[in-house]
Amino acid sequence: MHLDTDIETALLGPVLPARACGDCTVCCTVLKVDTPDFAKPADTPCVHLGTHGCTIHPVRPPVCRTWFCAWRRVAALPDEARPDRSGLLVSLNFRRAPQNLFEGVAITVRLLPGSTAIADGMAGRVLDSLCDALVPVWFSDGSSKMLMHPDHEVATHVIAGTPAPPPLQAEVAAWRAHYGLFEPRSQGHDGA
Ligand code: SF4
Ligand code: SF4
């Protein structure tokens, strides 16, 4: 967890002192936790979650003390995008067996059940504030997910290892340099 936490700070930035969880407890229900000290399934309220928040807050597990969603770290995300108010949970996710280069470490914007974030424009605002750095961004509605950043043409060249047109070459090379280690072993890359 320390490694993951360090990557979160490196890619998303430190926790912002001006942002507090307040009444939000979205992560206590939505996230899957699997640590030596504490585990819970995804999309299930934690057994310690009460009507006024965590009932064991002073002695909560280490992961609950050190994990923060992207809204707590990324100043560019709108203040109104707190997960319980926006219907969007934004977090950095790690996959040990990624299916492509953009799944190993990536930001996921997760649409929460009953969310109006697409219709009211919040989803667009959140994506606009995230899709400009060298960190992959996925959008998930709970049943399927879509790569939002980099764009389709860049992603295709990065994954396939095909020559990119001159205007895209620097961007494609940058993605491969940063995320090439997540390339699945069975996936060939003729430029390697
Ligand atoms: S989802 Fe974010 S804002 Fe909400 S409780 Fe978790 S860390 Fe705090
Ligand atoms: S132990 Fe407390 S802080 Fe941790 S997931 Fe459960 S309710 Fe949330």
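1. In this predicted model, Arg-73 and Glu-8 form a salt bridge, with 4.0 Å between the closest N and O atoms. Arg-73 sits in the loop between helix H3 (62-66) and helix H4 (83-86), and Glu-8 belongs to helix H1 (residues 2-12), so the pair ties together parts 65 residues apart in sequence. Both Arg-73 and Glu-8 are buried. The cut-off for a salt bridge is a nitrogen-to-oxygen distance within 4 Å.

2. A salt bridge also joins Asp-79 and Arg-19, at 2.7 Å from N to O. This pair links distant parts of the chain, 60 residues apart: Asp-79 is in the loop between H3 and H4, and Arg-19 is in the loop between H1 and helix H2 (26-30). Asp-79 counts as exposed because its relative accessibility is 52%, where exposed means over 50%. Arg-19 has 7% relative accessibility and therefore counts as buried.

3. Asp-84 and Arg-82 meet through their side chains in a salt bridge of 2.7 Å, N to O. Asp-84 has a relative accessible area of 35% and is therefore partly exposed. Arg-82, at 7% relative accessibility, counts as buried.

4. Arg-95, Glu-103 and Lys-145 are joined into one network by salt bridges that share partners. The count of salt bridges in the model comes to 7.

5. Turning to the ligand: the residues surrounding ligand 1 are Cys-21, Cys-24, Cys-27, Cys-69, Pro-83 and Leu-89. This shell divides into 6 nonpolar residues, with no polar and no charged ones. Cys and Pro are both classed as nonpolar in this division.

Note on methods. Residues are numbered from 1 along each chain as its sequence is written. Chains are lettered from A and ligands numbered from 1 in the order in which they are written. This is a predicted model: local features need pLDDT of at least 70, side-chain atom pairs count only at pLDDT 80 or more; totals for chains, interfaces and linings use all residues. Side-chain values use heavy atoms; hydrogens and water are left out. A residue is near a molecule or strand if one of its heavy atoms lies within 4 Å of it. Helices (H or I, at least four residues) and strands (E, at least two) are DSSP runs, numbered from the N terminus. Buried means under 20% relative accessible area, exposed over 50%, partly exposed in between (1.4 Å probe, protein chains only).
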